[in-house]
Amino acid sequence: MPFTNISLLRGKSPEYLKALSDNFHRAMVETFDVPPTDRFQAIHQLEPNELIFDRTYLGGPRSDDYVFFHITIGKPRSTEVKKAFYRRLVTLLADAPGVRPEDVMINIVTTTREDWSFADGIAQMIQQD
């Protein structure tokens with residue numbers, strides 16, 4: 001049940017965004033125990049003054065192709081699973097749409113089951129009274 005906000009600078013083509021989205025989801029399915037139909041993402045293309053990032057802090061050098069993935073999850077994953085996901089994601093994104101590993105930043109936030117409502121004002125992930 002991950003939900004991912006993907007932020008990058010404005011100007012990428014629909015094909016680029018599709019490859020970004022598809023390969024992100026592929027990495028989630030292959031390494032993060034996410035079902036193929038569990039796909040929830042929001043892509044935010046921002047102006048240069050709206051996406052502020054250091055070009056060299058703990059990595060880089062980052063280019064204008066920098067992409068930030070902010071992933072909110074409900075089921076905790078082990079450190080090993082997260083590391084495998086990070087590696088698989090940068091490999092897939094390098095292939096398509098051609099994002100350099102130095103330009104990929106990932107943040108995972110874990111929530112609890114009662115923090116989610118998928119529809120109808122119901123907390124589907126917890127037992128209902």
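Where does Pro-97 lie? This predicted model places Pro-97 in the loop between helix H2 and strand S4 (104–110).

## Two cis peptide bonds

Pro-97 takes part in a cis peptide bond. Its partner in that bond is Ala-96, and omega is about 20°.

A cis peptide bond also joins Gly-60 and Pro-61. Here omega is about 10°. Look for Pro-61 in the loop between S2 and S3.

## Helix H1

Helix H1 covers residues 14–31, which makes 18 residues. From its first C-alpha to its last, H1 reaches 26 Å. That is close to the 26 Å expected at 1.5 Å a residue.

Which residues of H1 are buried? They are Tyr-16, Leu-17, Ala-19, Leu-20, Ser-21, Asn-23, Phe-24, His-25, Ala-27 and Met-28. An α-helix has 3.6 residues a turn, so residues three or four places apart point the same way.

## H1 meets H2

Two packed helices are described by the angle between their axes and the distance between the axes. The axes of H1 and H2 come within 9 Å. They cross at roughly 150°. An angle over 145 degrees counts as roughly antiparallel, and H1 and H2 are therefore roughly antiparallel to each other. The crossing of H1 past H2 is right-handed.

Which residues make the contact? On the H1 side they are Leu-20, Asn-23, Phe-24, Arg-26, Ala-27, Met-28, Glu-30 and Thr-31. On the H2 side they are Val-81, Ala-84, Phe-85, Arg-88, Leu-89, Leu-92 and Leu-93. By type, the residues of this contact divide into ten nonpolar, two polar and three charged.

Just after H1 comes Asp-33, with a positive phi of about 60°. Asp-33 is a residue other than glycine. It sits in the loop between H1 and S2. Is Asp-33 buried or exposed? Asp-33 is exposed, with a relative accessible area of 53%. The cut-off for exposed is over 50%.

Leu-58 also has a positive phi, near 50°, and is likewise a residue other than glycine. Leu-58 is in the loop between S2 and S3. Its relative accessibility is 75%, so Leu-58 counts as exposed.

## A buried loop residue

Asp-103 lies in the loop between H2 and S4. Is Asp-103 buried or exposed? At 1% relative accessibility, Asp-103 counts as buried, since buried means under 20%.

What is Asp-103 in contact with, leaving aside neighbours within four places in sequence? The list is Pro-61, Arg-62, Ser-63, Asp-65, Tyr-66 and Val-67. Pro-61 is the proline of the cis bond with Gly-60.

Ile-43 belongs to strand S2. Its relative accessible area is 33%, so Ile-43 is partly exposed. Not counting residues up to four places away in sequence, Ile-43 touches Ile-6, Leu-8, Leu-17 and Ser-21.

Ile-43 and Leu-17 are 26 residues apart along the chain. Their C-alpha atoms are separated by 8.0 Å.

Note on methods. Residues are numbered from 1 along each chain as its sequence is written. This is a predicted model: local features need pLDDT of at least 70, side-chain atom pairs count only at pLDDT 80 or more; totals for chains, interfaces and linings use all residues. Side-chain values use heavy atoms; hydrogens and water are left out. Helices (H or I, at least four residues) and strands (E, at least two) are DSSP runs, numbered from the N terminus. The expected span of a helix is 1.5 Å times one less than its number of residues. Buried means under 20% relative accessible area, exposed over 50%, partly exposed in between (1.4 Å probe, protein chains only). Axes are lines fitted to C-alpha atoms, for helices over the stretch in contact, and angles run from 0 to 180 degrees between N-to-C directions. Angles under 35 degrees count as roughly parallel, over 145 as roughly antiparallel, 65 to 115 as roughly perpendicular and the rest as oblique. A crossing is left-handed if the near helix is turned anticlockwise from the far one by less than a right angle, and right-handed if clockwise. Contact means heavy atoms within 4.5 Å. Ala, Val, Leu, Ile, Met, Phe, Trp, Tyr, Cys and Pro count as nonpolar, Asp, Glu, Lys and Arg as charged, and the others, Gly among them, as polar.
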